[in-house]
Amino acid sequence: MDASRPAGSTLDPAAPVRQGERGSGNGDGDGGRARRQVRGLDGLRGLAALYVVLFHCWLYTFPGYPSSSAPAWLGGLMFGRLAVVFFLVLSGFSLAISPARHGWRSAGIGEFLRRRAWRILPPYWAALALSLLVSWFVVPASHFGPPTGATVLVYGLVAQDVVTAPTPNGAFWSIGVEAELYLLFPLLLFVRRRWGAVILAACVTIPVVAGGLTAPGATPVEGDNWLAPHLAPVFAAGVVGAGVVAASDRVRRLPWGWFAVLAALPVLALGVARGSVWTVNHYFWADLAIAPAMAMLLAAVATGKPAVLVRFLTARPVQGLGNFSYSLYLIHLPIVMAVIRRIAPHFVSPGLPTFWFTLAVGLPGSIIAAWLFSKVFEIPFKRNRSWKSIAELRVLGVSPSRWTSGRPG
C-alpha cells in the first residue's frame, strides 16, 4: 500500500467543494447565494489542504511509516488521513446546504453529476498529466513502480478506488472515493427527505459498523482501494450536519463548537497516546469516530460561532488559501517528493534537516504552484458553467483570474 494513500493524502481533497459554487445542483435559483452566506468553509478547506501538505512533508522525510522515525514532538502531523476525512465531511456538508434549504430536494441527478464533473475533472485531469510527467521523469510516486498504460486508463476514468494500478500521485486515492460518493448523494437526499436524519445516518453507518465488527479481530485491514463503502458514513455525516442551516433558532443556538471539541478530543488523544502504528491500523474506526465531531464543527461555523474562529477563517490569507485548496491538494505531492528525494540530498542531511528544508522550499513552492495552476485549470471551471462562457470571456480578453460570468459555475 502506498503510504500516502489511505494513510492520509482528500477532497477532496475531496475533491473539495467551495461554498458559494453551484456544485450541488439543487435550488439553483438562490442556492449559490445561500451557500455564500455560510462564511468560513473555504478557510477550513484551505487549512485542511495545508495540513495535508505538512503531513506529506513529514511522511516522506522520515522513513518507516507508520512506525515513523520522526521526533516525537512532530507527532501532531500524523493525522493526514483524518484531514482527508474532513474533506469528505465538508464535501457532503457543502453539497447539502442548498437542498437543506429547499426541503432536501434535488434539481435533478443528471444536472448534479454534470456540474460535479465540470467542477472536478478539468483540474484533476491536468494534475494527472503533471503527475505522470513528474513520476516518469523526476521521481517515482509509487512503490508499485512507474505509471503504466493501466495507470493512465484507471486514473483517467477516476476508477482508482475500484481498480488497482501504479499511482502517479498518492493523493489521488480520495478523488476516486469522492467520485463514487457523488453517485450516492442523490440517494442520501431522498432518504433524508423521506425518513429524516436519524434514519439516514443509521442506513449508512450500521452496515459499515457491522462489517467492521465481523472482520478478524474487529479491525478491518484496508487495501489500496474499495474505500468508498467504508467512508460513506463520513460523507453522510456532512449531509446530516448541513441541516443546521435550515434548523430552528433553538437548534442553531446550541454550542456546536463545544460539542465538536468534546467529541474529537478522545479520538485525537487516543491516536497520540497509542502512536502512529496503532492509529493507522485502526483508521477504519477512527474515521467513523471523528466524523460526528467534524460535522458539528461545520455546524458551529455555519451558525457563525465561535465568532473569533469565523473571523480567522474569513481573513483574507486563509480565505485566499481556501480558494485554490483543490489545486493545492492535487499537485502538492509531486512537488514535495521532488524536493525531498531530488533536491534536498544535495544540500542537507537526511532526517530533521531535510524536513526543515522541505518546509522552506517545498511548502511555499507547492502553494505558489497551486495558485498558478488554479488560475488556468480550476478557477475558470469554478466560475463558469460551460466552455462557451469561457470562450466568450477569452475572446473579450478577460484574464483567467477574472473568468466569471457573474454566476458561480
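The expected span of a helix is 1.5 Å times one less than its number of residues, and helices (H or I, at least four residues) and strands (E, at least two) are DSSP runs numbered from the N terminus. This is a predicted model, in which local features need pLDDT of at least 70, side-chain atom pairs count only at pLDDT 80 or more, and totals for chains, interfaces and linings use all residues. Residues are numbered from 1 along each chain as its sequence is written, and side-chain values use heavy atoms, with hydrogens and water left out.

Q: How do you know that the span of helix H7 (residues 197-213) agrees with its 17 residues?
A: At 1.5 Å a residue the helix should span 24 Å, and its end C-alpha atoms are 24 Å apart; therefore the two agree.

Q: What makes H7 bent, and at which residue?
A: The bend is the angle between axes fitted to the seven residues ending at a residue and the seven starting there. At Thr 205 this angle is about 30 degrees, and Pro 207 follows within four residues.

Q: Why is Phe 137 called exposed?
A: Buried means under 20% relative accessible area, exposed over 50%, and partly exposed in between (1.4 Å probe, protein chains only). Phe 137 has 66% relative accessibility, so it counts as exposed. Phe 137 lies in helix H4.

Q: Which residues of H7 are buried?
A: Leu 200, Val 204, Val 208 and Gly 212 are buried in H7. Their cover, by contact (heavy atoms within 4.5 Å), includes helix H6 (173-195), helix H8 (228-241) and helix H11 (283-302).

Q: How many of the 409 residues of the protein chain count as buried?
A: The share is 55% of the 409 residues.
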